[in-house]
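Q: I'd like to go through this model with you. Can you start with the terms?

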Amino acid sequence: MGGIFGVCMEGECVTDLFFGTDYHSHLGTRRGGMAVFDGKRYNRAIHNIENSPFRTKFEDDLYEMKGHMGIGCISDDRPQPIVLNTGLGTIAVVTVGRINNKAALTKELIEDRGAYFTEMSDGDINDTELVASLICSCGSVPEGIKHAQDKIEGSMTMLVSADGGIYAARDRYGRTPLLIGKKQDGVNGYCASLESFAYINLGYRTHYALGPGEVVFITPDSMTVVAEARKQLKMCTFLWLYYGFTASDYEGVNVEEMRNRCGRSMAEQDIENKTTVDADYVAGIPDSGTPHAIGYANRSGIPFARPLLKYTSTWPRSFTPKDQSKRNLIARMKLTPADALIKDKKLLLIDDSIVRGTQLRGMMDMLLSYGAKELHGRISCPPLLYNCKYLNFTRSSKESENIARQAIMKLEGTDTVTDEQISEYTEFGSAKYLNMVEDIRIKLNFNTLCYHSLDGMLGCVGIDKCKLCTYCWTGRE
Ligand code: SF4
């Protein structure tokens, strides 16, 4: 997916930009970038962060860059920020999202406006340069941002440094959050951030949360709304469930609290459906399952424990070699077993979600090899059936590789399944749904397996359900 952060303040902004951008590192693994305006020109740095953290790669830039205004990003694909000299002045742009009509937009820009593109990402036109080109096809930056929001199919949240400040624009349906922080303690300054926790330790407090499609402009001493929020919100539910950082708030709902509620709700679902188990411990699949497991343990009365512990000292980020067997080994090496909490124990394991299930199956095999007596699985969301088409969340695996799709294909006896066939398996508790879950249970080696219902999960967010995106579970927009 990726994360973005921008600062506009009195005095040097680079330290705030460096740490604020770094606090988005959980949202992407491939590239980091910063562009800082020193009053005359932009100084830009982009580094590969696949095998070492943002902080290490940008340490030299922290001391070399100077300026009062800058934007930064963590990116899963395209190199950013893009800096362009345009008819609207020199602008710098960072984006988060996905363009589904890229070919049509590119063709239109080249044929109708004579545009050309310089930055390529893996042989493809860079999405952020495409956004910059759409912006520059209009008479002003705010007009250009609105034009880009209207033309792009998919989702695009962006920061545009121009006109002596930073424009912060949330995507049309608000699938990703965007907040404005105000610097405290007598210093004039504002920041724009995807994650709300990212600026707190830097001395900012939340000043404003943008609505869907809203555009604001920040300078060191002001924030103004440039384009009003649109009506329809479709915030990404998966950010609360797994992808976002637990200290953040989206739409006023804290992520850690939502995850605790998911665990509690699954414990209640077990009571209602008579699927409770007599386990010795409740444990989260490290680390993302932990807050869900705390909620389950608190509600069920089963003690919380950590039988699998991440060896975090030298595994600060994902190291993903191309070779699948090495990837599996690395997944195993990161987790260390606490024997006393595993041997002869009945464990109830909570995970936020299952995509292909390969790593989860590896963990179950590992726990059984260490003497676990029973393994029960509880999953905080319904079976994932569709790859995200808005934020590139699941771009590393094919939709047909999702464990739930694999189960449906097996049960239907086909290599492909239609949306109609899939919809018959999404009704919680129906015979087809239970057959699908049973197939997954056997594949993952659980004694029992239950998924959270869609309504149960959405209820844990606690805002109007029609304001939440559920495409990856339902295939409905
Ligand atoms: S499809 Fe899923 S991951 Fe993508 S925006 Fe919607 S809820 Fe989020």
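A: For residue classes, Ala, Val, Leu, Ile, Met, Phe, Trp, Tyr, Cys and Pro count as nonpolar, Asp, Glu, Lys and Arg as charged, and the others, Gly among them, as polar. The model is predicted: local features need pLDDT of at least 70, side-chain atom pairs count only at pLDDT 80 or more, and totals for chains, interfaces and linings use all residues. Residues are numbered from 1 along each chain as its sequence is written.

Q: By class, what residues does the shell around the ligand have?
A: The shell has nine nonpolar, one polar and one charged residues.

Q: Which residues surround the ligand?
A: Among them are Arg-175, Thr-237, Phe-238, Tyr-471 and Cys-472; near means a C-beta atom, placed from the backbone, within 6 Å.

Q: Which elements give two or more residues to that shell?
A: α7 (237–243) and α16 (471–474). Helices (H or I, at least four residues) and strands (E, at least two) are DSSP runs, numbered from the N terminus.

Q: Now the sheet of seven strands: what is the order?
A: β3-β2-β4-β1-β12-β11-β13, an open sheet with antiparallel pairing. Two strands pair if DSSP finds at least two bridges between them.

Q: Which strands stand at the edges?
A: β3 (42–48) and β13 (204–209); each has a single partner strand, so one side of each is left without a neighbour in the sheet.

Q: How many bridges join β11 to β13?
A: Five, and the two strands run antiparallel. Lys-182 stands opposite Arg-205 in β13.
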